[in-house]
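Student: Could you walk me through reading a structure like this one? I'd like the general idea first, then the case at hand.

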Amino acid sequence: MCGILCEILFHPSSSITKDEELIKRLKNRGPNCVQLCSTQVSEDITLFFCGAVLWTQGPNLTKQPLQDDKGVLLFNGDIFDLGWNKNYSDTQIIIQKFTECLSDNDIINVIKLLKGPFCIVYYDKLLKTIYFSRDRIGRGSLLLHKSEQSITISSVLGRKYPCVEIPSLNIHKLNIESQEISTFNWHNEDSRTFSVDNWYSTIQIHQTLPDEQFRFEDDILEDLNDEDGVIDYINQISKNYTCKQTILKEILKQEIILKMVQSILLLLEQSVKIRLETHPNKCKQCLNTVNECCHSTVGILFSGGLDCTILAYLADKYVPVNQPIDLINVAFKTENGTYDVPDRVTGRQSYNELKQKCCSRRWVFHEVNVEKKDLEISQSHIIADLVYPRRTILDESLGTALWYAAWGMGHTVSPCRVLLLGSGADELFGGYTRHRNAYKRQGWSGLRKEMMLDWSRISYRNLARDNRVICDHGRIPRLPYLDEEFSSFILKLKPWFKCFPSDQLGMGVGDKLMLRLLAMHLGLIDVAILPKRALQFGTRIANKKQKGNDISKHLQ
């Protein structure tokens, strides 16, 4: 992921690009090339651009900002479109598409057709308009800071710049001279216009709402008829057997369920494939050499759990056989002075299972061990600014665990540039306790609504925050479960084709049932029944006695 920044300076004063600490954060995201430029809009208004590039696509690095006679482009992300010419980078193709646009709507439609994780800022020189957006799922980070002198849009900012996360619900257009923001819905032709101040205050209020006050538009027609008899079949199996692995094996014997598992596997495999074949295939050390790289170019944030082990198994098919794959496992020192936390234990178990199943691959298990004295320094001086504007104990715990994991500092530092993460699997396949509780209260209808609520707020709750902390190490996070085609297919399924949180099917079977069946289908027999464990508790970064929604003292 790259680091991008666009500042609109309305009065002659010092630019935010003079802030060396902020520019360093952008460089951390894009260590391969950094450029700054400016352009005069009027006598009083100046635009400043900064692009820090992490090279991921095209035969050669494309410097940013990229500009032509019509506009200036900052692009952070990856376009996964098999129809695009691989002789050019995605950034080059996008600016060419914008150059060919004849109207406002044309530009909006170009953005709507982009497929993959991205954040984009495009300045139209003729219209004196800035278009900016996160992708429709919200996998990247884009923040907006507003002061009396300026408006800044950036991948990352820090605590000294009050800001909001730009929502992924809409594409945005900013008229620089009138200071009005228009929003364009991804799914229809709806658009609305606000003053910058009104837009900012509305977003600020929305992003501080507690989870229980979050609302979403539920416009899906509810069809919960089980015409295939799947519910009765699974219920009968759960009554006949008690062994978890036997239950999964017996469920897989049902033809409709097996076909569903195969369909999901095909889509997930395609998602992993394109994410592992779309990069220069060089590690950090070999990036600027002409020699073939035989080091780890791909790593997996690896707790040993269900989601990440499935990704590791599939990655083995698409990473060159002469390259190792790094499994990066993080643990925080316990009170008894060891690092034998739950995620370290399951990590080693699943590492051993992968070695047995994929025996021709060299797997490197990186044990990232974090001491308390190092932890507090990193949280106060680095992580707090990356997590911002998020400030809760939960944000601190998850952000810290991911920052250390993405660092990859074990006995050696992982040289990989691409990181696979299991983000989105819990939301799509019903991995949270609240999904089980919703089913107990309101049956399948309640479960469906709870899962849709989780999906609708995933970009607000964690994706932008996670992107900021992971990208600080100059690695590319890639999230196969959040692929557009894969997630769209899963979202349309009836809830019992995702999870089955009945009392008979306890934890380790009913939660994320479809993924467990997929793991069993692949032969990952032990992984298939591992219980779901939250990252903050599995790594022992968090204390269960703490309230996750409380404000963290380190993030003040």
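Tutor: A salt bridge is a side-chain nitrogen of Lys or Arg within 4 Å of a carboxyl oxygen of Asp or Glu. Here Glu485 pairs with Lys115 in that way, with the closest N and O atoms 2.7 Å apart. Keep in mind that this is a predicted model, where local features need pLDDT of at least 70, side-chain atom pairs count only at pLDDT 80 or more, and totals for chains, interfaces and linings use all residues. Residues are numbered from 1 along each chain as its sequence is written, and side-chain values use heavy atoms, leaving out hydrogens and water.

Student: Which domains does the chain have?

Tutor: The assignment, automatic or from a database, gives domain 1 (2-208) and domain 2 (244-539). Their centres, taken over C-alpha atoms, are 29 Å apart.

Student: How many salt bridges are there between domain 1 and domain 2?

Tutor: The count is seven.

Student: And how do I read the size of an interface?

Tutor: It is often given as the accessible area lost when the parts come together. Counting contacts (heavy atoms within 4.5 Å), 35 residues of domain 1 touch 36 residues of domain 2.
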